[in-house]
Amino acid sequence: MNSSLFFGITTLAYLFASVFYIALFVFKNRKIGPVGTALTILGTLTLTIAIGFRWYESYQIGIGHAPLTNMYESLVFFAWCIGLFYLFMEYKYKNKVIGAFVLPFAFAAMAYASFAKGINQEISPLVPALQSNWLIAHVVTCFIGYGAFAMAAGLGIMYLLKKSAVDKKLPANTLLGSLPDLRFIDDMTYKTIVFGFLWLSAGIITGAIWANEAWGTYWSWDPKETWSIITWFIYALTLHARFTRGWGGTRIAWLAIIGFASVIFTYFGVNFVLSGLHSYGSN
Amino acid sequence: MTTQKKNPFWALFSSVKLALFLLFILAATSIIGTVVQQNKPPQFYVEVYGPNLARLMQTLSIPDMYNSWWFMILLALFSLNLIVCSLERIPNAWRLVTMDNLATAPERLQKMGMRKAVPVQGTVSESVEKTASFLADKGWKTDRRDLENGTLLFSQKGGWTRFGVYVVHSSILIILLGAIIGSPRLANSLLGNPLFAFKGGVNIPETQQTDVIYSFLTQKPLPLGFTVRCDSFDIHYYPNGMVKDYVSILTVLENGQEVLTKKVVVNEPLIYNGITFYQSSYQPYQDFILTVKSEETGLTTTDLVPYAKQVTWKEGGARFGIINMERRGEAVSRFKIWFTDDQGEPAKFWLQPGRKAVIERPSGTYTLSAKQLYATGLQVAKDPGVWWVYIGCGLMLVGLVIAFFMSHRKIWALIREEDGKVTVLFAGSANKNKLGFEKTFTDLVEGME
Ligand code: HEM
């Protein structure tokens with residue numbers, strides 16, 4: 001038995017959770033909802049075990065370090081953040097339809113980590129630059145933020161769908177009409193972005209401190225750093241537009257989606273399209 | 001304020017529209033430098049983009065855009081916007097925090113979003129005492145004022161949180177200030193003192209020392225004011241062959257006196273006199289450091305031995321050298337020693353760096369150890385602004401938590417007698433998280449009923 005078994009179970013659990021949540025949304029059969037929740041809880045629990053297991057295994061082979069140091073491990077942690085954050089929101093707001101828009105992100109992260117070419121799943125020892133506690137702080141803070149932004153993007157998509165239903169005056173028993181109230185989605189999107197923004201700021205700061213410890217430069221405008229600050233500008237713009245100029249609804253929904261696109265580009269695009277200091281993440 | 005509002009400069013920079021515009025422009029232009037590779041030689045741009053586009057790029061400083069005049073202007077406008085916008089609003093925040101809430105008219109309380117009238121037994125003054133002590137028990141200490149037909153109680157929490165926004169905004173300015181203080185360019189051009197803030201590098205071969213480093217900005221030597229010696233440099237490997245650590249042992253000397261010796265690895269720099277030395281690279285040489293000891297006489301020699309060169313050690317009566325080697329990357333993984341005391345066949349054997357060999361010879365026993373010679377590559381920085389940056393970062397996080405998650409909450413209780421009936425009118429307001437406060441408010445009022 002090893003961690004990959006648990007990672008596999010999680011991937012399946014998130015896949016089926018997505019299917020059930022989408023079925024709940026499409027067929028509006030309320031009995032399906034709890035199955036989605038149960039699967040999400042199962043997936044998140046096994047993922048917790050898997051991450052812990054992988055951590056333990058790294059000590060077993062004598063190179064012990066927290067499992068947060070390469071593309072594979074960060075993707076898995078990303079999925080975990082999304083799962084956990086979603087469960088919290090579902091519990092707090094008692095709404096399961098959102099799962100249809102959020103769980104697919106968690107599944108995508110797990111599936112991509114497991115099946116994409118060029119992603120090394122092996123536990124490898126840390127090269128000198130990565131041997132820093134700031135690295136752990138950096139990855140944890142960034143990905144909590146990214147998890148929240150994934151959620152916000154899901155909510156943004158949901159908002160746009162619901163809006164089109166409202167504009168077409170679809171009745172509440174249709175597919176799109178059954179989505180939660182526009183104001184509710186809008187409010188959740190905003191709150192989620194606020195939460196993510198705080199963590200993104202902390203992620204950029206811990207990254208800067210790490211760079212300064214390792215290289216003597218807290219900011220060098222390498223593409224990854226630059227894209228993280230671009231993402232930060234986008235969300236800062238979104239928040240200001242919202243609370244000082246009263247933007248809401250469709251515009252904020254779009255900004256939530258654009259912001260998350262920027263997150264994804266910071267995460268993958270920079271590794272695969274551009275080059276820079278952080279390119280260690282590409283293996 | 002009204003006169004200032006007429007000033008078009010002030011009006012422009014106090015507008016949030018400008019802030020949105022600048023945030024957008026900063027985000028959009030920042031992309032350029034991630035697509036166009038930065039700080040390459042001019043020829044690179046001509047090859048990749050053609051001569052015409054390359055010339056345009058040079059004019060716009062695209063090859064070094066994050067230091068370009070126009071990007072600096074954007075950041076300056078951003079800062080100015082932030083300053084003016086905040087200055088414009090702080091007086092208002094101050095007013096909101098210090099205003100006399102007991103002067104709030106009863107008619108306004110009756111229109112507040114959060115309100116509840118509770119009929120009570122007893123006289124007005126009894127109810128005032130009861131309500132005040134009830135609220136105080138729940139953590140809301142009240143002020144009071146007698147009105148014509150009743151008494152108004154008021155309590156508030158978190159007024160100071162209205163300044164959280166300004167903590168965030170100042171933190172951004174403090175970070176930018178730190179970046180300015182620590183800028184090698186400005187130290188060079190504005191202060192004319194390149195030693196105030198610099199980034200540079202130096203390679204020090206093992207056993208050698210230096211008292212200058214070379215500025216990345218000007219390529220010129222900068223005097224450190226003290227001496228740094230590289231005692232040794234080593235590469236440690238994991239069993240699978242990956243590099244585990246680059247380790248330099250550095251010693252600081254003042255006037256020839258050793259003052260400090262430190263092991264430096266990536267992520268653990270040496271800091272001395274405000275100057276930080278980071279392990280950043282290394283350079284292997286084709287030379288070796290060989291140490292030979294004669295066990296009989298106790299004599300020792302340490303020599304710098306170039307590859308395939310013979311060393312004669314007269315006092316020890318021996319000759320030796322390195323005649324072959326195997327590499328792993330640039331690092332030598334083992335080498336072949338040739339050793340003779342001119343009695344019988346010379347000894348030839350393989351040795352790994354750092355290991356000791358014991359050689360039995362007709363003339364006695366020798367121990368020998370050898371390692372490849374390296375130069376350690378150090379990045380050297382002096383950044384007097386970094387503490388400003390760190391303080392700014394800390395303030396930003398604190399400010400964000402205050403601005404996002406804390407709110408200014410107010411509770412009024414108006415106790416009045418009308419038509420012989422005493423009622424307590426509760427009213428509440430919060431500048432943020434209204435839903436959360438509504439719950440607190442409802443719980444409070446229900447507790448009173
Ligand atoms: C040119 C740049 C900026 C300008 C002019 C500006 C202006 C403003 C204004 C007018 C407010 C509303 C204050 C009020 O409640 O009256 C505000 C709030 C805020 N700003 Fe900025 N801002 C700028 C940049 C930033 C940036 C880059 C951040 C990033 C951290 C930021 C973080 C905040 C926060 C956290 C709030 C409080 C939000 C809230 O009340 O919930 N600002 N800003």
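**A tour of chains A and B**

Select both chains and show where they touch: the contact takes 43 residues from chain B and 41 from chain A, with contact meaning heavy atoms within 4.5 Å. The model is predicted, so local features need pLDDT of at least 70 and side-chain atom pairs count only at pLDDT 80 or more, while totals for chains, interfaces and linings use all residues. Residues are numbered from 1 along each chain as its sequence is written, chains are lettered from A and ligands numbered from 1 in the order in which they are written, and side-chain values use heavy atoms, with hydrogens and water left out.

Stay at the interface. Chain B and chain A bury about 3,800 Å² between them, 73% of it on carbon and sulfur atoms; buried area is the accessible area (1.4 Å probe) that two parts lose on being put together, summed over both. Zero salt bridges are found across this interface, a salt bridge being a side-chain nitrogen of Lys or Arg within 4 Å of a carboxyl oxygen of Asp or Glu.

Next, select residues 16-35 and 69-98 of chain B, which are helices H3(B) and H5(B). Helices (H or I, at least four residues) and strands (E, at least two) are DSSP runs, numbered from the N terminus. The two axes are 10 Å apart, and the helices pack at an angle of about 155 degrees. Axes are lines fitted to C-alpha atoms, for helices over the stretch in contact, and angles run from 0 to 180 degrees between N-to-C directions. H3(B) and H5(B) are therefore roughly antiparallel (angles over 145 degrees). Show side chains here: among the residues that meet are B:Leu22, B:Leu26 and B:Thr29 in H3(B), and B:Phe71, B:Phe78 and B:Arg89 in H5(B). By class, this contact has 14 nonpolar, three polar and one charged residues.

Move to chain A and select residues 71-93 and 249-272, helices H3(A) and H8(A). Their axes come within 13 Å and cross at roughly 165 degrees. That makes H3(A) roughly antiparallel to H8(A). A:Met71, A:Ser74, A:Leu75 and A:Phe78 in H3(A) meet A:Phe260, A:Tyr267, A:Phe268, A:Asn271 and A:Phe272 in H8(A).

Select B:Glu129 and B:Arg144, whose side chains meet in one of 2.9 Å, N to O. B:Glu129 lies in helix H7 (residues 124-137) of chain B and B:Arg144 in strand E2 (residues 143-147) of chain B, so the pair ties together parts 15 residues apart in sequence.

Key
Angles under 35 degrees count as roughly parallel, over 145 as roughly antiparallel, 65 to 115 as roughly perpendicular and the rest as oblique. Ala, Val, Leu, Ile, Met, Phe, Trp, Tyr, Cys and Pro count as nonpolar, Asp, Glu, Lys and Arg as charged, and the others, Gly among them, as polar.
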